[in-house]
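Here is a short report on selected local features of one model.

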Amino acid sequence: MNNNIVDLLQRSLEFTPNNQYFKDFLESCLENGVFHKKENAETIIKHINTNLNNSFDREKGLLLLISFLPQISVEVFSNNALSWMLHCSKFIYQRCGVIDSLSIRALTKLIKLSVKFPEVNKETAKQIVPRFLLENVKHKTNIQVSVELLECLQACMSQYSGPSGEFKTDILKLLLRTVEGKPAVVGVAARCVPLLARLGGGGKQGATYKTSWQQQQLSLITLLHSLLNKIYDHIDCVMIAESTSQGELLELESVNEKNVLLRTQRLAAQFSSVSQFLQCMLLEEFPVAKAVAPNAILDVITHAQKPTHASLGSSLEALAVMSVLPSIQVAAMRLLESLVLCLGRNIVPLGSQVCYLCSQVTVWTHQQISDWPYAMDKPFRNTRLAAYCCLYSWLNVVGTASNLDMLMEKVFPIILGDINVEKPTVKLKVGSKMGKGKKKTQMLVNEEDHSEKLGNDVANNQLCERAVLVLSLMIKTIASTVQSDIYKSIADTILKLSTELPVPYGDVNCRCALYQLLVTLCLQFHPTVAPPLAPAIAVFTSNLHHPDPQVKSVCTSALNSLGRMVRPIAPTLYFPLPKEKPKPLSRESSEEKNEADPLPKRRRIELNDDSDSVSIVSVVTEDDNCGSKINTLFSQNKLKDQEKVILEVSNSSDEIEEILTVDTQPDEEERTVNIDENIADNEVNVKTNLSISVESAENNILPNEDMDISSFKKQDNKIELTQSNSKPSTDKEQTGLIANHPHEVSDNVVSVSEAIPEQKDADVVEMLMDFQDEVGSGNEN
């Protein structure tokens, strides 16, 4: 397929009458990768050389060469680069219009690629670059400087600084001739200015580069002061001596216009271009450290901002200065922004001067636009936009060290004034009667006349967008220190604008910046003011189906961020503890509790009897309302003769201190225990864990599977424990009523109630009471 396209290329070279169609075909060849195939290279090279030697088809040959270079192979470039550069250099000097421009573009690409090949690099440094600079820079001083010529000059200075060193003075003169040119030409010339300091040798550790850069900086500063003195020539108290910066004064084309306005305009254009040269010197990369003079640059900015509209008079010269003052202010603000970006946080000691210069511009321009009509472009919007751009870079670089006190006092109300747009109030009045006959209806018409006000839907959109971005950075920096009333007023204003969307918030960029500020208010909220989460989520949700993808993306991202605040991914640390109702004590829960709680000291009661006896079973329950522990003892017939029942009483250690033996009567089949005794002399700590574990010789824990224990709460605040055997037996149900009032136990008193019914044997009751006293006295530690 590629071979067929190459054949089509040959036909296109022969029969295409319009070169625009030929350019489109070359773009298609690049897209299909035709020039990348090695088998097609020879055919393409043949077409290029043939068309370059033909004066009628030279333009097509140059277009084909420019398109072929990005996909050329190393071997092909090494063999043909030098001849192609010679052809292009020869075509430049013929001044053939389009051919000249295409030749310079092709030569620029060839020079940039030649650095990678040593053989081509050597010949280029000897022949091509010196010839180009000699013919276009030194000898032809009256040629028109174009963007293509300056781009080729930039390639020569950056890639071949050694051969370009001898033409340094001529290059500087050529660049200074562009100060009154078009913005595109001035922009390319400004990128060439920092390369002047790199021409020639660098010296030891780049000392020559550093000295050359410093001297060039001071020369530009001196030139800026000189231009300002000429502009403010007829204004008192704004003249500054040109020798303060100690730099060599550069020579520009003299302005000898008799017309005051034209003369001032030309000087203002030169000032803007030279300040752009200095901006590029501050921002562009350099091989060594730059010796920046911040105080000298700040002096230039101060000099430029001295006159204002209020300080200027009504003379012809003052009016001429007033007409160019906005462009001078814009150039000064951009220079200040470049200085901030160049120095970074090193400019923090000069922060008060930076804030003063920015606030001065915003204050005096704001005084001129009070009560400005709705949906109309404000005056000085470019000047204020440049000031906001400088403030934005300043806040981005230094953060909290930005002297925000000065900004809050002077700039903050002005920023809110540029952000907040009030829709006009519509006043209606009764108009003339309409209709025929007696029944004529009256119309309501707008009282205000808009015949002389043509509204603009995107009026001041860039100014509002930049003001919103500056306020967003200020909120991120000082959200916790700003006064609560100010923060609340900001939140209310932003919410109102987000819902009403007045002009210019219909613009996509301005609207997205407003929504980003609303997200910032929700995330960087004030410590004493609640963030506007609910209304913000409502605003973002309503714009999820906006037709513009940028607005939709911002709203989706905002909802993702705010959703984590409303529904966090982890449970919150502040939550009430759930109150659970007391559950019946079961065998499994008692085992888990005994395993979880550490065992203190224990005493053991051994019920030793050879015949069938009644075992004493203990159940410990806790009251969640008052924190008391209730110990209930009840009896159970032993099922096996060989069973040995042991009651272990917990104390404060794992060792068994004492074994008590209790004899029971085997003929007792049913026994209900109800003992109620309060330990009121504060001898037992409430934190002591009182529990009784029951063991048998067969490692069975009582109550066993043949016994069922249940509990329920009655209406009189009594807990009834019921014991019954699951197997049929002669044992009867045993119940005990225990007082469970929440106010009967204090914080440091444990109420232990034991219920035992009437017993025939008084000795057993007495022994159990003694045992209970010993349990209470043993828990002191």
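Leu 86 is partly exposed, because its relative accessible area is 34%. The classes are buried (under 20% relative accessible area), exposed (over 50%) and partly exposed (in between), computed with a 1.4 Å probe on protein chains only. Leu 86 sits in helix 5 (residues 74-92). Helices are DSSP runs of H or I with at least four residues, strands are E runs of at least two, and both are numbered from the N terminus. The C-alpha atom of Leu 86 lies 7.2 Å from that of Ile 128, at a sequence separation of 42 residues.

The model is predicted: local features need pLDDT of at least 70, side-chain atom pairs count only at pLDDT 80 or more, and totals for chains, interfaces and linings use all residues. Residues are numbered from 1 along each chain as its sequence is written, and side-chain values use heavy atoms, with hydrogens and water left out.

Helix 5 also holds Trp 84. Trp 84 has a relative accessible area of 0%, so it is buried. Its C-alpha atom is 8.7 Å from that of Ala 106, 22 residues away along the chain.

His 303 belongs to helix 14 (residues 294-305). Its relative accessibility is 0%, so His 303 counts as buried. The His 303 side chain makes a polar contact with the side chain of Asn 229 at 3.5 Å. A polar contact is a pair of N or O atoms within 3.5 Å; within protein, one must be able to donate a hydrogen and the other to accept it, and residues adjacent in sequence count only if both atoms are side-chain atoms. His 303 and Leu 224 are 79 residues apart along the chain, with 9.6 Å between their C-alpha atoms.

| Pair | Sequence separation | C-alpha distance |
|---|---|---|
| Leu 86 and Ile 128 | 42 residues | 7.2 Å |
| Trp 84 and Ala 106 | 22 residues | 8.7 Å |
| His 303 and Leu 224 | 79 residues | 9.6 Å |

Next, helix packing. The axes of helix 13 (residues 260-283) and helix 15 (residues 316-343) come within 9 Å and cross at roughly 0°. Helix 13 is therefore roughly parallel to helix 15. Angles under 35 degrees count as roughly parallel. Axes are lines fitted to C-alpha atoms, for helices over the stretch in contact, with angles from 0 to 180 degrees between N-to-C directions. The contact residues are 17 nonpolar, eight polar and two charged. Ala, Val, Leu, Ile, Met, Phe, Trp, Tyr, Cys and Pro count as nonpolar, Asp, Glu, Lys and Arg as charged, and the others, Gly among them, as polar.

Now the backbone. Which peptide bond is cis, with omega near 15°? That bond runs from Val 503 to Pro 504. Pro 504 is in the loop between helix 20 (484-500) and helix 21 (508-523). Leu 501 is found in the loop between helix 20 and helix 21. Leu 501 is not a glycine, yet has a positive phi of about 50°. Leu 501 counts as partly exposed, at 23% relative accessibility. Asn 460, also not a glycine, has a positive phi of about 60°. Asn 460 lies in the loop between strand 2 (441-446) and helix 19 (461-478). Asn 460 is buried, with a relative accessible area of 9%.

Conventions. Angles under 35 degrees count as roughly parallel, over 145 as roughly antiparallel, 65 to 115 as roughly perpendicular and the rest as oblique.
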